[in-house]
Each structure stands twice: as C-alpha cells, then as structure tokens.
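Here is a short briefing on one protein model.

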Amino acid sequence: MDVLKCLLAARDDSSPQVQELLDCLSDPSFDLQACICSVGGVSSTHLSNFLTRAGISCNLLTDQDALRHVNRPPAHLNPGICLVYLFGDPLACVASHYRRNQAYHQALKTSGNPELDKSTFPKNLQEYICRGEDLFGLQQHLDNWLGTRTQCDILFVRYERMFDLPVAAALFRHICNPPAASSPLKSEEELQAMAAEFCSQQRQRGSQVSAQQRQAMYVQLAAKMDALPAIFIRRRDCQIVPL
C-alpha cells in the first residue's frame, strides 16, 4: 500500500482521479477490516495483534489514526469495517494505566478533554480514588458508544468474558464472517481453532484492585456494565441484540 502511494505521488500526472486515489490511500480506514476501540486496559492490543496474525487488518496500535481510544463512535469509517468496542471493570482499567505510567495521557484521549491539568492530575491510583472524579471520562465514554446513532452496527465485548470459548468464537465469527460479507473469510472449523488458541492465551490481570477501592469509585458504572450481555450487537439505532 505504501509503495503504491509513493508511486502515485511521484507521477507528473496530477489529475483529480490520481489525487482522489491518493486521498483514499491516506485514509486510515481505507484498508481496515476491523476497528478495535476501548478505554484501554482491556487487552485491545492483544486482540489486535491476534487478528493481524490471522490476516485481519486492524486500526493502528500506535493510535496515530486516533481511533483506538476515541470517546465516541467514529463517523468517518468506510462501510464494511467491523467496529468492535471492548469494555470491562472501569477501576481495573484505570489501575492498568497507572501501572503502565500512562494515566494522564490516556485520560486526555478517553475524556476528550484537552484542558486536563497535568500538574494536578492524581499521581497514583489511590490519589485518583480519593479525588473521586471521573477524569478519564469512563462513564461518558460508555454512554457515547452505547447511545450515539451510527451508520454501522457495533460489536460490544466484555473483557472479563472475552476469553470464554463461546464468547471468543462469536467475536471471531462476527469479525471474520460479518453478516453483510459476500463470502466468509474463515470456515467454522478455522473460527473454532482461532477461538481455542485465543482463549489459551489468557493471562491474569497485572493490575489488581481491592474490594475497598471498588466500593469507593465507579460503583454505578460497574453495575451498569455488569447488567450488559457479555457480547452483543449494538444496532445503528442503538438497540441491543445479545449474541
């Protein structure tokens, strides 16, 4: 793809058709098959790497396309891309960002608030809990993804259940063989093999949260997530359809 862009850019022909093709090739979603989004801390990188090895192109791990943690469904994706939203224990997600020393920068992305003050941002998880303010915008993030009408369906997957074999199989079936596809990319046997391999790679969370900490923050948000199915389609009109 990059070679084609270079060849076209080097042409003396600056026709509108060539420029239009260059614009398409520069669009981060042009060659995407799956777009994985989340607030982070829910193995979105692991899922993207797994899909890439299986031949499924995903959005950039570096987030240079500004898709991985965007705080509402992107409006500019091309038709046919499978949009996936991973969600999970909100406080554990925050703990993960602090463990990886990226809390402030991640909060800028997930909250969509460029005015977050780094100098006053809590330095660790306990400070964050004591402050009691949703600086990551996790509640709004989930509400936006659940309640914003879109041009395509969204597949929601609960991180804590993603490595259950039936959930993993449904996840890969939807990504690899979407309902609108003219022909399946993977056979059912291949999908089951993918799911089994993926589930075998489950690891214990590196970030731990105590029961006392859970009682102090994100109680209502955690309850809202617990009430959602482990995997479901959120239709364009925001209707929830369990898989």
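In what order do the 5 strands of the open sheet lie? The order is β1-β2-β3-β4-β5, and the pairing is mixed. The model is predicted.

**Sheet**
- β1 (34-37) and β5 (240-242) stand at the edges of the sheet.
- Each of these two has a single partner strand, so one side of each has no neighbour in the sheet.
- On average, neighbouring strands are turned by 25° against each other, direction ignored.
- β2 and β3 (residues 154-158) run parallel and are joined by 5 bridges.
- Tyr-85 has Phe-156 in β3 as its bridge partner.

**Helix α5**
- Helix α5 spans residues 103-111.
- Its buried residues are Ala-103, Tyr-104, Gln-106, Ala-107, Thr-110 and Ser-111.
- Why do these residues fall on the same side of α5? They cover an arc of only 160° around the axis, and this places them on the same side.
- In general, an α-helix has 3.6 residues a turn, so residues three or four places apart point the same way.
- The cover over the buried residues of α5 includes α4 (90-99) and α7 (138-147).
- Just after α5, Gly-112 takes a positive phi of about 70°.

**Nonpolar core**
- The largest nonpolar core has 71 residues.
- Phe-136, Leu-171 and Phe-172 have the most contacts inside it.
- Helix α8 (residues 165-176) gives the most to this core, with 8 residues.
- As a general pattern, nonpolar side chains in soluble globular proteins tend to be buried together.

**Asn-71**
- Asn-71 sits in the loop between α3 (44-53) and β2 (82-87).
- Is Asn-71 buried or exposed? Asn-71 has a relative accessible area of 19%. The cut-off for buried is under 20%, so Asn-71 counts as buried.
- Its side chain reaches the backbone oxygen of Ser-111 at 3.3 Å.
- Leaving out residues up to four places away in sequence, Asn-71 touches Lys-109, Thr-110, Ser-111 and Gly-112, among others.
- Its contacts also include His-141, Asn-144 and Trp-145.

Conventions
Residues are numbered from 1 along each chain as its sequence is written. This is a predicted model: local features need pLDDT of at least 70, side-chain atom pairs count only at pLDDT 80 or more; totals for chains, interfaces and linings use all residues. Side-chain values use heavy atoms; hydrogens and water are left out. Helices (H or I, at least four residues) and strands (E, at least two) are DSSP runs, numbered from the N terminus. Buried means under 20% relative accessible area, exposed over 50%, partly exposed in between (1.4 Å probe, protein chains only). A polar contact is a pair of N or O atoms within 3.5 Å; within protein, one must be able to donate a hydrogen and the other to accept it, and residues adjacent in sequence count only if both atoms are side-chain atoms. Contact means heavy atoms within 4.5 Å. The arc is that of the directions from the helix axis to the C-beta atoms. A nonpolar core is a set of buried Ala, Val, Leu, Ile, Met, Phe, Trp, Tyr and Cys residues joined through side-chain atoms within 4.5 Å. Two strands pair if DSSP finds at least two bridges between them. Axes are lines fitted to C-alpha atoms, for helices over the stretch in contact, and angles run from 0 to 180 degrees between N-to-C directions.
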